[in-house]
Amino acid sequence: MRRAWQAGMIALARSPRAKRWIQSGRATSGLASRYVAGPDAEAGVALAAALLARGIRSSLFYLGEYVDSPVLVAENVAAKREVADLLGRAGIEIHVSVDPTQIGHSLDPALGRRNALAIAGAIADAPGDGQRLMMIDMEDRSFVDATIALHDELRGDGLPIGITLQAYLRRTEADLAARIRQGATVRLVKGAFAAGADAAFTTQAEIKANHRRLIGLMLSRAARDAGFRPVIATHDDRLQDHAIAQAEAAGWGKDEYEFEMLYGVRGALAEQRAREGHRMRLYLPFGRDWWPYAVRRIGENPRNAWLLARSLAGG
Ligand code: FDA
């Protein structure tokens, strides 16, 4: 039932007609404001500043994925660079998330690579002297090898880079072990995609068990000794509790690892973790192309159906 709901929401997210109608403004933008900071980089930075005042960090994400037009790719790259610059000028830590397909990777891998270098370079050179990172999101299985290669290359060039790995994939344990040895920064997520049993864990129980195991590897003594930076990205409070227990047992300080959640999802839990003294970051999207992103969030939790219904009714 839950899978069918999620599949339906993914189809709705990909429907160009639904997207045109919704984003035209005829339906309410209540759904957008639940999950998205606003239409532009200024709105993203303003919300990041407000969150920081409450002890919560942000990773800014300009919306737009699986882009198939060079014009949109250029727009996406410009938006990522602009937000890095604005964060630096505002004295806020520069943390920007990037999907390879939104910067041209699926059009032409060489273009995607050039754009990734340009954005990471802009982040490295942005004003301010605070911490900075370009976090690469992980898309469907067909992009995993290329995304990891991109990460390793940029890291080899000394650029401030991190990568997202997905617990649903069987290969992730080996990918993670190699990134731990590098002393890299890895954001571990469950994975928003599905694949066959040859490549992936297919039941929620299996995925969760693997997620738990991988969190154990990320927060091991060996990982700490290697200078690895773990990012535990889940809204599952029990997995977060597991990470905290693991971190305490292996001697990690609270400032040596972080939690990350999506803006608009379980906000009270994010506030609680920040109050407990944990590094808490929210993935904070901005931009006009909010519909596919917001509908996927609804797909992750059928209890949010009322939000969608209210939007479509224009209320
Ligand atoms: P799970 O889905 O089990 O949820 C745990 C709890 O949170 C449940 O109680 C659930 O009801 C609640 N919850 C979850 N989603 C909710 C929602 N939308 N609204 C209300 N409650 C909700 N994926 C990917 O493939 N590539 C990527 O690059 C990223 N990047 C990324 C960054 C960050 C910071 C996060 C937090 C997540 C991602 N994801 C991702 C998405 C990720 O793979 C996954 O789909 C979601 O995080 C949901 O899985 P959870 O681990 O949160 O657990």
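Buried means under 20% relative accessible area, exposed means over 50%, and partly exposed lies in between, with a 1.4 Å probe and protein chains only.

Some ground rules. This is a predicted model, where local features need pLDDT of at least 70 and side-chain atom pairs count only at pLDDT 80 or more, while totals for chains, interfaces and linings use all residues. Residues are numbered from 1 along each chain as its sequence is written, and side-chain values use heavy atoms, with hydrogens and water left out.

What does Arg179 pair with? Asp152, through a salt bridge at 2.8 Å, N to O. Asp152 sits in helix α7 and Arg179 in helix α8, 27 residues apart, so the pair links distant parts of the chain. Helices (H or I, at least four residues) and strands (E, at least two) are DSSP runs, numbered from the N terminus. Asp152 is partly exposed because its relative accessibility is 26%.

A salt bridge here is a side-chain nitrogen of Lys or Arg within 4 Å of a carboxyl oxygen of Asp or Glu. The whole structure holds 21 of them.

Next, Arg171 and Asp145. Their closest N and O atoms are 2.9 Å apart, in a salt bridge. Again distant parts of the chain are linked: Asp145 is in α7 (residues 144–156), and Arg171 is in the loop between β4 (161–166) and α8 (172–182), 26 residues apart. Asp145 counts as exposed because its relative accessibility is 54%. Arg171, at 30%, counts as partly exposed.

Now strands. Arg281 and Glu258 form a salt bridge at 2.6 Å, N to O. Arg281 is in β8 (residues 280–286) and Glu258 in β7 (residues 258–262), 23 residues apart, another link between distant parts of the chain. Both Arg281 and Glu258 are buried. Shared partners join Arg57, Glu93, Glu258, Arg279 and Arg281 into one salt-bridge network.

Last, helix α4, residues 41–53. How far apart are its end C-alpha atoms? They are 18 Å apart, which agrees with the 18 Å that 13 residues should span at 1.5 Å a residue. That expected span is 1.5 Å times one less than the number of residues.

Buried residues of α4 include Ala41, Val45 and Leu51. The helix's buried residues pack against β1 (57–62), α5 (70–89) and β8, with contact meaning heavy atoms within 4.5 Å. After α4 comes Gly55, with a positive phi near 85°.
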